[in-house]
Amino acid sequence: METQNWIRGLGYPEKLSQLEDLSKDGKIISKFGQKGENIYSDATLQVLSNNLVPKFQVMFKDVFPYSLSTITFDATDTDIEYFTADVSFKYTIYDMQDMSGNTL
């Protein structure tokens, strides 16, 4: 829901309050957005070994979502099915580091 609300606030919200909700969460000033717009975030991707041990991390700057897949509803399923969706992000730059914070 957070990603869906983020995309709605960036695009064409149905009501003005959706854009206001995006703006009041904080200010991130970047050369790509207007002063005070909260459209970017930073993100970290940890790459794990086959034993689920963190090996290195990728630090992304100025991340924002641009695509979110649909969610399929099926009332005929008898097992518990958790909703999943695919999201795509754009970013300005990334940096790779080992788990001690040293640049790779």
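Analyst: A strand is a DSSP run of E with at least two residues, and strands are numbered from the N terminus. By that reading, Asp62 is found in strand β2 of this predicted model.

User: How many helices and strands does the protein have?

Analyst: The protein has 2 helices and 4 strands. Read from the N terminus on, the elements follow the order α-α-β-β-β-β.

User: What is the phi of Asp62?

Analyst: The phi of Asp62 is positive, at about 55°, although the residue is not a glycine. The place of Asp62 is strand β2.

User: Is Asp62 buried or exposed?

Analyst: The general idea is a cut-off on relative accessible area: buried means under 20%, exposed means over 50%, and partly exposed covers the range in between. Asp62 has a relative accessible area of 18%, and therefore counts as buried.

User: Which value does phi take at Leu52?

Analyst: Leu52 has a phi near 65°, which is again a positive value in a residue other than glycine. Leu52 belongs to the loop between β1 (41-48) and β2. Its relative accessibility is 65%, so Leu52 counts as exposed.

User: How many aromatic pairs does a search of the whole structure find?

Analyst: The search finds 4 aromatic pairs. To classify such a pair, one reads the angle between the ring planes: under 30 degrees is stacked, over 60 is edge-to-face, and the rest are tilted. One of the pairs is formed by Phe60 and Tyr91, with ring centres 4.8 Å apart and planes at 65°, so this pair is edge-to-face.

User: Where do Phe60 and Tyr91 lie?

Analyst: Phe60 lies in strand β2 (residues 54-68), whereas Tyr91 lies in the loop between β3 (87-90) and β4. The two residues are 31 residues apart in sequence, so their pair ties together separate parts of the chain. A further pair joins the rings of Phe60 and Tyr94; the centres are 6.1 Å apart and the planes stand at 45°, so this pair is tilted. It links distant parts of the chain, since Phe60 is in strand β2 and Tyr94 is in strand β4, 34 residues apart. Through these ring pairs, Phe60, Tyr91 and Tyr94 form a cluster.

User: What is the relative accessible area of Phe60?

Analyst: Phe60 has a relative accessible area of 17% and is buried.

User: Which residues make the nonpolar surface patch?

Analyst: A patch joins nonpolar side chains within 5 Å, and its residues must have over 30% relative accessible area. Here Tyr91, Tyr94, Met96 and Leu104 make a nonpolar patch of about 410 Å². Leu104 belongs to the segment after β4 (93-98), and its relative accessibility of 60% means that it counts as exposed.

User: With which residues is Gln97 in contact, leaving aside its neighbours within four places in sequence?

Analyst: Contact is read from heavy atoms within 4.5 Å. For Gln97, the partners are Phe56, Gln57, Met59, Asn102, Thr103 and Leu104. Gln97 itself is found in strand β4 and counts as buried at 15% relative accessibility.

User: Where does Thr84 lie?

Analyst: Thr84 is located in the loop between β2 and β3. With a relative accessible area of 63%, Thr84 is exposed. When neighbours within four places in sequence are left aside, Thr84 is in contact with Thr70 and Ile71. Thr84 and Thr70 are 14 residues apart along the chain, and their C-alpha atoms are separated by 9.0 Å.

User: What percentage of the 104 residues in the protein do buried residues make up?

Analyst: Buried residues make up 16% of the 104 residues. The protein exposes about 8500 Å², of which carbon and sulfur atoms supply 52%. As for contacts with a separation of 6 or more, 44% of them are between residues 24 or more positions apart.

Conventions. Residues are numbered from 1 along each chain as its sequence is written. This is a predicted model: local features need pLDDT of at least 70, side-chain atom pairs count only at pLDDT 80 or more; totals for chains, interfaces and linings use all residues. Side-chain values use heavy atoms; hydrogens and water are left out. Patches are made of residues with over 30% relative accessible area and no salt bridge: like charges are joined within 9 Å, nonpolar side chains (Val, Leu, Ile, Met, Phe, Trp, Tyr) within 5 Å. Accessible areas come from the Shrake-Rupley method with a 1.4 Å probe; for residues, only the protein chains shown count as cover. A salt bridge is a side-chain nitrogen of Lys or Arg within 4 Å of a carboxyl oxygen of Asp or Glu. Buried means under 20% relative accessible area, exposed over 50%, partly exposed in between (1.4 Å probe, protein chains only). Rings of Phe, Tyr and Trp (its six-membered ring) pair if their centres lie within 6.5 Å; planes under 30 degrees apart count as stacked, over 60 as edge-to-face and the rest as tilted.
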